[in-house]
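Biologist: I would like to go through the labels on this model one at a time. For each, please set the value against the definition.

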Amino acid sequence: MTTLTTIPPLADDLEFLSIVSEWNTDATYHQWSAATLVPATFRPAQPARVFVVTNNKGGVGKTTTAVELAAAWAAMGLRVRLIDADPQNAAITYWLGVEYPEGLPFEQHYNLRHVFLGTPEDPRNPHGPTREVSLDQATYPTRFESLYVVPCTPDLTRVEYERTSSTDSALRHAIAESKEHFDVTVIDASRTMSLVTIACLIAADDAIIPVKPGALDAQGVLSINSTIEKIQRRENPKLRVAAILTTMWEKSDLAREVEEQAAEDYPDAIVSPIRKTTKVGEAPATHRPTRLHAPRATAVADYGQVARLLLDSVTPA
Ligand SMILES: Nc1ncnc2c1ncn2[C@@H]1O[C@H](COP(=O)(O)OP(=O)(O)OP(=O)(O)O)[C@@H](O)[C@H]1O
Ligand SMILES: [Mg+2]
């Protein structure tokens, strides 16, 4: 039997970023340094909250953000369900792995595709009638205490071809119908604006947008903006952008411009750097969150602080 690893709290002598309630735009580049912006209007989320990590740009740190925030919340004693909704990479499924109950027949190893499409009533007749699979049936423990994963496989893309009129709200309903209690749900959405990604945005309360600072972002054209606004107008008016995270952060004029633009575009959201740390790149191959692989890494401190701010009431200085 696999032993369960407890994710411990962070050391309190880590170098956390300072928390400010507004940017000091008068600071010279020399005076300016990384800080986490928590505007006075930001309201921390209450459990049970559903977060979607989203950006239609690839390689911006979505999966890393989903895993590290989930690990930080699990370390806070919260019960966390992490949903892998990226069929292209199935990165979370690879990174953390899932623990299927011993002896569970392979055809009962459910994943997110089954939650959308169900499973054949008769396994010998894969195209025959189907029965529903609940989100709880597709949720498995990991080797880490309080951290559960809904895995996915590349055939999640079948949802795009086998859609029904209720597919876009399928995940929202599955979460609402879940009987197991989770304090937080975190969804790692794909960069592709597929039907599954739209279903993730419809299911969520809060969006977290990781941004790897680029020139276009600095001009205020986060390409995810219009999709989020559309979803807010139509299917999910309660969706809010809770945080913009500038990932792989290194001090530069561009990083500063992107942060200032993000604060302007989303005046009620946390804007925080996640500092560039090579240890982050090593973590998936160790099958542990960076928080366990390199607990003193700057990115770990940054994710830890953002996790606390997103779900707790902390008054900014
Ligand atoms: N703070 C950081 N410091 C250094 N490297 C980072 C940091 N955050 C993410 N990375 C690295 O950047 C790469 C992309 O990250 P990640 O896979 O999380 O992005 P993604 O948005 O999920 O990508 P995709 O669109 O392919 O799903 C990875 O190699 C990851 O290790
Ligand atoms: Mg990813």
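Biologist: Why is threonine 63 called buried?

Modeller: Its relative accessible area is 16%, and buried means under 20%, exposed over 50% and partly exposed in between, with a 1.4 Å probe and protein chains only. The value of 16% therefore makes threonine 63 buried. This is a predicted model, where local features need pLDDT of at least 70, side-chain atom pairs count only at pLDDT 80 or more, and totals for chains, interfaces and linings use all residues. Residues are numbered from 1 along each chain as its sequence is written, chains are lettered from A and ligands numbered from 1 in the order in which they are written, and side-chain values use heavy atoms, with hydrogens and water left out.

Biologist: Where is threonine 63 placed, and which residues is it in contact with?

Modeller: Threonine 63 sits in helix α1, residues 62–75; helices (H or I, at least four residues) and strands (E, at least two) are DSSP runs, numbered from the N terminus. Its contacts, meaning heavy atoms within 4.5 Å, are Ala91, Ile92, Trp95 and Asp188, leaving aside neighbours within four places in sequence.

Biologist: What makes aspartate 84 count as buried?

Modeller: Its relative accessibility is 0%, so aspartate 84 counts as buried. Aspartate 84 belongs to strand β4, residues 80–85. Beyond four places in sequence, its contacts include Ala91, Ile92 and Asp188, residues that threonine 63 also contacts.

Biologist: Is valine 184 buried or exposed?

Modeller: Buried, because its relative accessible area is 0%. Valine 184 lies in strand β9, residues 184–189. Not counting residues up to four places away in sequence, valine 184 touches Arg49, Phe51, Trp73, Leu78, Arg79, Val80, Arg81 and Leu311.

Biologist: Leu311 is a buried residue of α12. What makes that helix largely enclosed?

Modeller: Of its 14 residues, 12 are buried, so α12 is largely enclosed by the rest of the structure. Gln305 is also one of the buried residues; its C-alpha is 16 Å from that of valine 184, across 121 residues of sequence.

Biologist: How do you know that the length of α12 agrees with its residue count?

Modeller: The expected span is 1.5 Å times one less than the number of residues. For the 14 residues of α12, 298–311, that gives 20 Å, and the end C-alpha atoms are 20 Å apart, so the two agree.

Biologist: Why is methionine 248 called partly exposed?

Modeller: Methionine 248 has a relative accessible area of 33%, so it is partly exposed. Methionine 248 lies in strand β11, residues 240–249, and its phi is near 50°, a positive value in a residue other than glycine. Serine 146 also has a positive phi, near 70°, and is placed in the loop between β7 (140–141) and β8 (147–150). Most residues other than glycine have a negative phi.

Biologist: How do you know that the radius of gyration of the protein chain agrees with that of a compact globule?

Modeller: The radius is taken over C-alpha atoms, and the globule rule is 2.2 Å times the number of residues to the power 0.38. With 317 residues the rule gives a value near 20 Å; the protein chain has 19 Å, so the two agree. The C-alpha atoms fill a box of roughly 70 × 45 × 30 Å along the principal axes. The protein chain has 12 helices and 12 strands, and 53% of its 317 residues count as buried.
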